[in-house]
Amino acid sequence: MKLIKSLWDFAYTNIVELSLLASVLMLGGAYGFEYIGGLYPCDLCWPQRYAHMAVIIFASFALYLRKSNPVKWLRFKMMTLFSYMVSAGYSGYHAGVEQKWWEGPDSCTVTSDAGAMSATDFFNQLQGAPIVRCDEIPWEMFGVSMAGYNFLISLALTVMLLLSVRQDFRR
């Protein structure tokens, strides 16, 4: 039990560093799955990636300003928190679409307006872009998809950042 408490204390004390590292690893993993594994992102994957890019930027600025400007440090820490909230929201929504708990956006399904384009144009469009559906799980481990893992990690870091920011405001 002491080990778990010491790990929690370490993570809680270094939450901004942990957030930065987690987003770098998750974004790196996403790009690795895309460029090495051939798993192209769907329309719901992109906002999750953008949220992690924002975390990397905001957490980096927070760490840079930690010692020199406590007010700006807290602002960037809060922006990191908000970015993780966005990541948790999008990834939770995406995981629900994958599990068929709710319907995803129309951009995640293959649709065509036959009257708007010729058969040749439609064929050329299909040849140019991979079709990736949001409601299909391209990869999973232990029954949890990439969006599911993103949700779980983002939610945990959101809670930890929220507790840390709350503690900062009490000081």
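These are my notebook entries on a predicted model, taken element by element and then contact by contact.

**Ground rules**

I number residues from 1 along each chain as its sequence is written, and my side-chain values use heavy atoms, with hydrogens and water left out. Because this is a prediction, local features need pLDDT of at least 70 and side-chain atom pairs count only at pLDDT 80 or more, while totals for chains, interfaces and linings use all residues.

**Entry 1: the chain**

I looked up the secondary structure and found 6 helices and 2 strands. Helices here are DSSP runs of H or I with at least four residues, and strands are runs of E with at least two, numbered from the N terminus. From the N terminus on, I read the order as α-α-α-α-α-β-β-α.

I then checked burial. Buried means under 20% relative accessible area, exposed means over 50%, and partly exposed is in between (1.4 Å probe, protein chains only). Buried residues make up 33% of the 171 residues in the chain.

Next came contacts, meaning heavy atoms within 4.5 Å. Of the contacts in the chain with a separation of 6 or more, 76% are between residues 24 or more positions apart.

**Entry 2: the nonpolar core**

I searched for nonpolar cores (buried Ala, Val, Leu, Ile, Met, Phe, Trp, Tyr and Cys residues joined through side-chain atoms within 4.5 Å). The largest has 20 residues, and Ile-15, Val-16 and Tyr-84 touch the most other members. Helices α1 (2-13), α2, α3, α4 and α6 each give two or more residues to this core. The general background is that nonpolar side chains tend to be buried together in soluble globular proteins.

Leaving aside neighbours within four places in sequence, Val-16 is in contact with Ala-59, Ala-62, Leu-63, Trp-73 and Lys-77.

**Entry 3: salt bridges**

My rule was a side-chain nitrogen of Lys or Arg within 4 Å of a carboxyl oxygen of Asp or Glu. The count comes to 3 salt bridges.

Arg-66 and Glu-17 meet through their side chains at 2.9 Å, N to O. Arg-66 lies in the loop between α3 and α4 and Glu-17 in helix α2 (residues 15-35), so this pair ties together parts that are 49 residues apart in sequence. Arg-66 is partly exposed, with a relative accessible area of 27%. Glu-17 is also partly exposed, at 27%.

Glu-34 and Arg-49 form a salt bridge at 2.7 Å, N to O. Glu-34 sits in helix α2 and Arg-49 in helix α3, so the pair ties together parts that are 15 residues apart in sequence. Both Glu-34 and Arg-49 are buried.

Lys-77 pairs with Asp-168, the closest N and O atoms being 2.6 Å apart. Lys-77 lies in helix α4 and Asp-168 in helix α6 (residues 146-170), so parts that are 91 residues apart in sequence are tied together. Lys-77 is buried, and so is Asp-168.

**Entry 4: around Arg-49**

What surrounds Arg-49, leaving aside its neighbours within four places in sequence? I listed Leu-27, Ala-30, Tyr-31, Glu-34 and Pro-41 as its contacts. Arg-49 itself lies in helix α3 (residues 45-65) and has a relative accessible area of 5%.

I also checked for a charge over a ring (NZ of Lys or CZ of Arg within 6 Å of the ring centre and within 35 degrees of the ring normal). The charged end of Arg-49 sits over the ring of Tyr-31, 4.4 Å from its centre. Arg-49 also lies over the face of Trp-46, at 4.9 Å from the ring centre.

I paired rings of Phe, Tyr and Trp (its six-membered ring) with centres within 6.5 Å; planes under 30 degrees apart count as stacked, over 60 as edge-to-face and the rest as tilted. The whole structure gave 6 aromatic pairs. One of them is Trp-101 with Trp-102, edge-to-face, at 6.1 Å centre to centre and 65° between the planes. Trp-101 is exposed, at 60% relative accessible area, and Trp-102 is partly exposed, at 39%. Elsewhere I noted Phe-58, Phe-61 and Phe-76 in one aromatic cluster.

I then looked at the backbone of Lys-100. Lys-100 has a positive phi of about 65° although it is not a glycine. Lys-100 lies in the loop between α4 (70-98) and α5 (119-128). Lys-100 is exposed, with a relative accessible area of 53%.
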